[in-house]
There are 2 protein chains.
Amino acid sequence: MSEKDKITEEKIFDAAVEEFEEKGMDGSRMQKIADRAGINKALLHYYYRSKDKLFQQVFDRLANKLLDRLLNCLDNDFPLEKKLKLFYMEHIRFMQKHPKMPAFIFHELNRNPERIQTVFNSERIRFLRENLFRQIDEEKSAGEIRNIDNLQLFINIIALSAFPFVARGLLESILKVNNIQFDDFIEARKTELPEFVINSVKMK
Amino acid sequence: MSEKDKITEEKIFDAAVEEFEEKGMDGSRMQKIADRAGINKALLHYYYRSKDKLFQQVFDRLANKLLDRLLNCLDNDFPLEKKLKLFYMEHIRFMQKHPKMPAFIFHELNRNPERIQTVFNSERIRFLRENLFRQIDEEKSAGEIRNIDNLQLFINIIALSAFPFVARGLLESILKVNNIQFDDFIEARKTELPEFVINSVKMK
DNA sequence: GTCTATAGAAGGATAGAC
DNA sequence: GTCTATCCTTCTATAGAC
């Protein structure tokens, strides 16, 4: 594949990412993707065959990116408190750079739950069980955190960081009334959230 | 309007609710709505003029229902701790009955943030400020809960209950690996969540 | 590899009979 | 009020020239 091919193919892919993230699979149009990429509609099919195949590639890449990031942020040997601080700092920073990604992934997964098979192998889930959950269990035994269901805790941690990006439309209109910028609200959460979770689970 | 009209109109509306909640505006088809309602496609237009108008009515009714429920659950004079217990109990129970509603509302609001104007007048926001926020402030002053930003706390409370319904596709595949039913996981949250929040904000 | 032109299917909407 | 038939636009996808 020549250098020029690569560039066109990537231009198309990047355009598709934008269009799909913004409109979703159902709301996206091949013509709009071609326009964004500055090329002809026929070229889309030359490179990616069909809308479905193009979408699948976009979805897989984004979902993997998000999941990788999530797991990487949790892959360290710090105690839970420090781990949470790092997690929220880095993970929120990531979502600030890709603010539409979470809503996109969740929406498409609800529309078509089987899609998850291409991203979400049990290998990655095992990572959670074996590392994060083991760590939580240890800190429970050491009497440092209270007894709480691991999975419930894990979902709570994710919910707190992801939700504002999923409910951005609603949140922004609430924030507007209170005269607050979405970005400022999110920025504050980098430190608010670890505090919120730690306070909830720490033995005192 | 005769009794029979009423019935047909409602049959159509109910069918539209199902289709739109499941597929979203972009993914829904007038023909499918007609099929669900057991009537002809032309009748849809007879009663509702266009897909857009039908969608708008469905969206408004659902969004209002969700928002009303939310605010009603918070409209009582109990202290924060008891209020939270009641809130999660009732609000989660509501979402169990309408599990697709939150994802639908949030998605459509992201696609088209202006839609919020028809639902979300500042009157309702004022309710929050004047009642819930005042109460939080009082409990802060009384030294019963720690100092935390009211809006951040409010969003956290909502995030924890709504997120599993928005991320259901992903969550279910995590739960499957752990051999847990979505319904059981949700049921447990009715008591897990108030505990989680209270522990986080209560002075000890 | 890239374009123009167009086929062909799908979906929203309406006309008109009953 | 409800149906059948059909119009017309939009969209995906392909054919074929360069």
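Student: How is the angle between two packed helices read?

Tutor: Axes are lines fitted to C-alpha atoms over the stretch in contact, and angles run from 0 to 180 degrees between N-to-C directions. In this predicted model, helix 2 (residues 30–37) of chain B packs against helix 3 of chain B at an angle of about 95°, their axes being 8 Å apart. Since 65 to 115 degrees counts as roughly perpendicular, helix 2 of chain B is roughly perpendicular to helix 3 of chain B.

Student: Which residues make the contact of helix 2 of chain B and helix 3 of chain B?

Tutor: Helix 2 of chain B supplies B:M30, B:Q31, B:I33 and B:A34, and helix 3 of chain B supplies B:K41, B:L44 and B:H45. By class, the residues of this contact are four nonpolar, two polar and one charged.

Student: At what angle do the axes of helix 8 and helix 10 of chain B cross?

Tutor: The axes of helix 8 (residues 150–166) and helix 10 (residues 182–201) of chain B cross at roughly 165° and come within 10 Å. Angles over 145 degrees count as roughly antiparallel, so helix 8 of chain B is roughly antiparallel to helix 10 of chain B. Their crossing is right-handed. On the helix 8 side of chain B, the contact is made by B:L153, B:I157, B:L160, B:S161, B:P164 and B:F165. On the helix 10 side of chain B are B:F182, B:I186, B:R189, B:L193, B:F196, B:V197 and B:V201. These residues divide into 11 nonpolar, one polar and one charged.

Student: Are B:R49 and B:N179 buried or exposed?

Tutor: Exposed means over 50% relative accessible area. B:R49 counts as exposed because its relative accessibility is 66%; B:N179 counts as exposed at 72%.

Student: How are two copies of a chain related?

Tutor: By a rotation about an axis and a shift along it. Here, chain A is superposed on chain B by a rotation of 180° with 0.0 Å of shift along its axis (RMSD 0.1 Å). The two copies are therefore related as by a two-fold rotation axis. In chain A, the C-alpha nearest the axis belongs to A:S200, at 1.9 Å. The same surface serves both copies, as 100% of the contact residues of chain A recur in chain B.

How values were computed
Residues are numbered from 1 along each chain as its sequence is written. Chains are lettered from A and ligands numbered from 1 in the order in which they are written. This is a predicted model: local features need pLDDT of at least 70, side-chain atom pairs count only at pLDDT 80 or more; totals for chains, interfaces and linings use all residues. Side-chain values use heavy atoms; hydrogens and water are left out. Helices (H or I, at least four residues) and strands (E, at least two) are DSSP runs, numbered from the N terminus. Angles under 35 degrees count as roughly parallel, over 145 as roughly antiparallel, 65 to 115 as roughly perpendicular and the rest as oblique. A crossing is left-handed if the near helix is turned anticlockwise from the far one by less than a right angle, and right-handed if clockwise. Contact means heavy atoms within 4.5 Å. Ala, Val, Leu, Ile, Met, Phe, Trp, Tyr, Cys and Pro count as nonpolar, Asp, Glu, Lys and Arg as charged, and the others, Gly among them, as polar. Buried means under 20% relative accessible area, exposed over 50%, partly exposed in between (1.4 Å probe, protein chains only). Copies are superposed by least squares on the C-alpha atoms of residues with pLDDT of at least 70 in both.
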